[in-house]
Amino acid sequence: FKENMGEANFQGVIASVASVEYIELEEFLNIKKEGFKKIIILDSVSDPHNFGSIIRTAAAAGFDGIMVSNHRSCPITPVVEKISSGAINHIPIIKTTSLSASIDELKRSDFWVIVTQMQAKDNYFEIDYTDMNFALVMGSEGSGISKTILNKADFNIKIESDFESLNVSNAAAVIIYEAKRQIQIKNSLNPKTK
């Protein structure tokens, strides 16, 4: 048992829990929700600390799912679960054999695709996240987002930084919470009538 846990530190407490299961994209698309859906797509993010942190941030901000590829992506490990602080049990994780094909399916289901890249013209706060289903694509720190995925973008955005670049989990948090901020403002200005 211990050899399968890697570097996980249990701080004297251990419990037996069911392993987290991935869901299929079709299952995610069939989940009913009032309003628009928001999903994070991780293109070749392989660091378990980044993966776990993005899961935690996305779940805390009310995002509806996270998509990863079978290839060149971090699997769900004890480290990912620990870093997510339990959030992994509160947000669907979609695993796909082809991010490209799955993005095409999202687009057919009325999702807009937002990609992040340092060379983008628009800043992350200059687009409106409130009036659409959207998929936010984050790439690995080493190679960024693949050209195939970049070509599917409806929006290209950047985070201007005085330093070279932000860690992918930090960059994701900045954009996720900008989207949440915009949505909260819109909801406060247009309260639902009962």
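Colleague: Quick one to start: in β7, which residue is the bridge partner of Thr-116?
Modeller: That's Ile-157 in β7. Strand β7 covers residues 155–158, runs parallel to β4 and is joined to β4 by three bridges. This is a predicted model, where local features need pLDDT of at least 70, side-chain atom pairs count only at pLDDT 80 or more, and totals for chains, interfaces and linings use all residues. Numbering starts from 1 along each chain as its sequence is written, and side-chain values use heavy atoms, with hydrogens and water left out.

Colleague: How many bridges are there between β4 and β6?
Modeller: Five, and those two strands also pair in the parallel sense. Pairing here takes at least two DSSP bridges between two strands. Within it, Val-115 stands opposite Val-137 in β6.

Colleague: And how many residues of β4 are buried?
Modeller: Five of the six, so strand β4 (residues 111–116) is largely enclosed by the rest of the structure. Buried means under 20% relative accessible area, exposed over 50% and partly exposed in between, with a 1.4 Å probe and protein chains only. Across the 194 residues of the chain, 42% count as buried.

Colleague: Zooming out, what is the strand order in the sheet?
Modeller: The open sheet of seven strands goes β3-β2-β1-β6-β4-β7-β5, with parallel pairing.

Colleague: Which strands stand at the edges?
Modeller: Those are β3 (93–96) and β5 (122–123), each with a single partner strand, so one side of each has no neighbour in the sheet. On the β3 side, β2 and β3 pair in the parallel sense over four bridges, and Val-68 has Lys-95 in β3 as its bridge partner.

Colleague: How many helices go with those strands?
Modeller: The chain has six helices and seven strands. Both are DSSP runs numbered from the N terminus: helices are H or I with at least four residues, strands E with at least two. From the N terminus on, the order is α-β-α-β-α-β-α-β-β-β-α-β-α.

Colleague: Switching to aromatics, how many pairs turn up?
Modeller: Searching the whole structure gives four aromatic pairs. In one of them, the ring centres of Phe-63 and Phe-134 are 5.8 Å apart and the planes are at 80°, so that pair is edge-to-face. The pair links distant parts of the chain, 71 residues apart: Phe-63 is in the loop between α2 and β2 (65–69), and Phe-134 is in strand β6 (residues 133–139). For the cut-offs, rings of Phe, Tyr and Trp (its six-membered ring) pair with centres within 6.5 Å; planes under 30 degrees apart are stacked, over 60 edge-to-face, the rest tilted.

Colleague: Are those two buried or exposed?
Modeller: Phe-63 and Phe-134 are both buried. Ring pairs also link them with Tyr-129 into a cluster.

Colleague: Now Asn-50: where does it lie?
Modeller: Asn-50 is in helix α2 (residues 48–60), and its relative accessible area is 7%, so it counts as buried.

Colleague: What does Asn-50 touch?
Modeller: Leaving out residues up to four places away in sequence, Asn-50 touches Val-45, Glu-141, Asn-167, Val-168 and Ser-169. Contact means heavy atoms within 4.5 Å.

Colleague: Last one: which residues does Ser-100 touch?
Modeller: With that sequence exclusion, Ser-100 touches Thr-148, Ile-149 and Lys-152. Ser-100 belongs to helix α4 (residues 99–108).
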